[in-house]
Amino acid sequence: MKRSVPVLIVFLVGVLVLATYFIESPGLKQVGSMLNNWGVIITAFAVGLACVNIIRIHAAHIANQRTGWINSAVLLITMFLFIIVGIYSRNNPSNEGAAELFSNLFNYAYSPFSATMYAMIAFYVASASYRAFRMRSVEATLLLAAAILVMLGNAPIAEQLWNQFPVIGSWLLTVINTTGQRGIAIGVAIGGFATSLRILLGFDRGHLGIGD
Amino acid sequence: MIQGTYFVLGTFIVLGVITIGMLLATRSGKVTPKIRRIPALDSIEEAVGRATEMGRPVHFSPGYGEITTSTAPQTFASLDVLGYVVALTARYNTQLIVTCKSPQSFPMIQELVRESYSAAGKPDMFQEDTVRFISEAQFAWAAGVLGIFNREKVAANIMVGYFMAESLLFAEGGAQVGAIQVAGTGNLAQTAFFVAACDYTLIGEELYAGGAYLSQDTSKVGNLAGQDIVKLLTIAFIILGTILATAGSTWLVELSKM
Amino acid sequence: MNVSTNPWVWFMGIGMLALYSFLYKENPIYRLFEHIYVGASVGYAVVTAYGNIVDQAWTPLTVKGELNLIIPIILGLMLYTRFFKPVAWLSRWPMSYLMGLGVGISIFGLLQSQLIAQSRAAMVPLVVKASDGSFLLGKSINNIIMVLGVLGVLFYFFFSVEHKGPVSKMANFGRLIMMVTFGVAFGNVVMGRISLLLGTISDIFGTWLGII
Amino acid sequence: MWLERLQNIDRRVIYVVLFVALLIPMLKPIGIPLTVNPTTQQVYDLIESLDPETDIVMIGMDYSAAGSADVHPQAVAVAKHLANRGIKSIMVAFVEDGPMLAERVLKSLGDRVVYGEDIVNLGYLAGGESAVKKFIEQPATTFTRDHRGTPVANLPIMKNIKDINDITLIMDFQTGAPGYQEYLRQLPPGGPLYGVGIVTVSVPNVMPYLNSGQFAGLLPGLRGGAEYEVLLGEPGEGLARMDAQSLGHLVIIAFIVVGNVAYFASQRKEKKAKG
């Protein structure tokens, strides 16, 4: 039960769904749609797992009064605030106050804070440009030269200095980069196919946490 | 059959027979493919050796470490490399630090390191703080790892797995403390940073090959050899198509759309 | 100057500055807002997932009587058995389901839209002529680079063959193409990260402080 | 002496220089002219060629709040273009943040559209590639109510959609997965045209698909948004930030140059010391 059922589930679901792409049959198509629909629902349930993990970790911090437990409390309060307001406003669409509160939480907390965390990387790019990007070897030099030319091609100001910068930048992007990315994409597709098939046929059980 | 899927079905069958066939043949010992040298992997021993000389620890990061999303294969390849690193540090008696982001894979990684030390006959080398869970939040995790680089004066930094924006932070942070760095990720947007800032980098599929190379798991090695045959077929397909295209024929293109 | 009088905007501005303070040094205020951010992101995800479960599973089941939806609801709940040691193995069933579905729906597309379509796109005439029959040197060179480059990258990713002789020449060419490709990627990373930073600058100096 | 200093510039100095270089042109834009890329022109021309009577466009709201600064200006510009031309559109999200960002797009359209008749925000569907597949198979019934809670049956615009072929163009704004890969794998051959508006970071990755003709057009990041604003003749957020973009690039290039000068000078010094 513990070992064979998961492998069987992977195989049956995978093969049935795969078959719908090749075989013309309304019945099979319906089965495929149903299986896919179930997947959509199960994924929605999976979101709660992260929530449970967070509660476990941070509740333990609070209970043991570990350093920074107040932050853990703030985290849980914020999380439940979002959950309560969000679900309430969803179930009561006529309550405009709740909808506005939720939209403010999104627009003035979640959205700008996540943007800030990502934007911070711009500063690291700057310091890494200064510290890490050195012409140590032929390869590193090629990489650097391409990067600088693409940057010059992207910045409208460079075009005012020399109108060929965008042409070079675009050539690197559309010819060399397309070539490199295409080669890599074909390789990845082959690797992805082989891995998928191994999973489908039950050769790779590591993913299920069952070693053989 | 649905129109326009014949060629795909043909491809599926041919490629499936080749990859699975090679896997089975290798597993049963009928063929023994050899994986070529991958310089970045050989350099891991050099990195651990240097950390030993300096008497400072080796750091290993499995990246995001997710095991249920599409990046899972990269995590599993990463764990194969980790097993090898544990064996090396056991042989050289060098301290190892592993930092984790995913609470899902953390217990699994802990077990793997503990077992690998036992297998190497040095169970005492596994300490409570060998494998550390830092945080699930990307930047909290990144900040924690950078702190460890500085406080523990890491001499070798090995980063293999799925990385995103933190690739740059880690590679730069490692360079600042003078660590010798080996990195590898399947995320191509981040590979540029690794290539620029690290001493050795595994590019793209080399990551998966590395897993097979180091673990010497016959089904992985066989599967990899099967993929090589598929690549060879693809190359032949492209060359044939190019010749035909140059001659003005679109026969192969039409065939592939059947 | 038109400093905002909206308390939400002030909360956003202060939070963003607190997060940016990490660039100077890790500090308690940064940690506080980081925890708020993490709580918000998990809370928001739970709200959207809840909406999906209600709309896609609960309502169709209870209102329209689509009884098959009991199965994904049960599978979804089984995900949570992992928190109870004796029945933890049951959580592998829904995981296997998702894995099987993931493999089943992606294999066809991997082959058709990635492997076959990209290989097909790599088949370009090496000699390009204009409609009046004249020879186009630039386009021909580009096409030759594109074909050789893709082949070179594929050669580089041969693992069961030692790189010697012509294989090694092709593989080295592939590696050079990839280095330029990574350079192009870096150039675009710079542009992308600056865009994000500009977004937050506009939030702080525009929406909040009213200078822009 | 100067060499040592050049080699050891504190990272905080670098941060401040970058910040100031970006802030000044944000405060006082110079208005550097912008040339429009052919891929952006392609998307614009495509939308110009649509027929408001028969064509419906699906706007894929697949970008995250974190990356919205790069993609949102594009989505706004394209939505304005569609609204100006009177083309009906439906907004669908397979990324959690999508519906909330769609509301922002709707806000910027103001009274150019009548909600429910010209445009609708259908909301978010979890499940990644499965969700994409589900919507492509049943675009009319996948959502039972829109993001604002109105039953789909009460939305006039949805009466025009029976299956995916009733949609002429999918313009998908995205920052990651699900995105172009999932769509390309699931869209049926001969189905709707598929164009992308994508974060700058991913532009190199999608080039092979543009080159092979699998995309109907491509808007590259903030610059794509700015270019679209130029074509539309309605300058907005995107264009306002392009001057700062330019300066930011020059600063980064300057850092690379300074770093390398210091590196080579110090290497030469070491060689001299050894030799």
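A salt bridge is a side-chain nitrogen of Lys or Arg within 4 Å of a carboxyl oxygen of Asp or Glu. The views below come from a predicted model, in which local features need pLDDT of at least 70, side-chain atom pairs count only at pLDDT 80 or more, and totals for chains, interfaces and linings use all residues. Residues are numbered from 1 along each chain as its sequence is written, and side-chain values use heavy atoms, without hydrogens and water.

**View 1. A salt bridge between chain C and chain A.** The side chains of D55(C) and R90(A) form a salt bridge, at 2.9 Å from N to O.

**View 2. The interface of chain C and chain A.** In contact (heavy atoms within 4.5 Å) are 102 residues of chain C and 106 residues of chain A. The two chains bury about 9900 Å² between them, 81% of it on carbon and sulfur atoms; buried area is the accessible area (1.4 Å probe) that two parts lose on being put together, summed over both.

**View 3. The core around I90(D).** The largest nonpolar core has 324 residues, and F186(C) and I90(D) have the most contacts inside it. Such a core is a set of buried Ala, Val, Leu, Ile, Met, Phe, Trp, Tyr and Cys residues joined through side-chain atoms within 4.5 Å, where buried means under 20% relative accessible area (1.4 Å probe, protein chains only). Leaving aside neighbours within four places in sequence, I90(D) is in contact with residues including V57(D), L122(D), F135(D) and I167(D).

Notes: Chains are lettered from A and ligands numbered from 1 in the order in which they are written. Buried means under 20% relative accessible area, exposed over 50%, partly exposed in between (1.4 Å probe, protein chains only).
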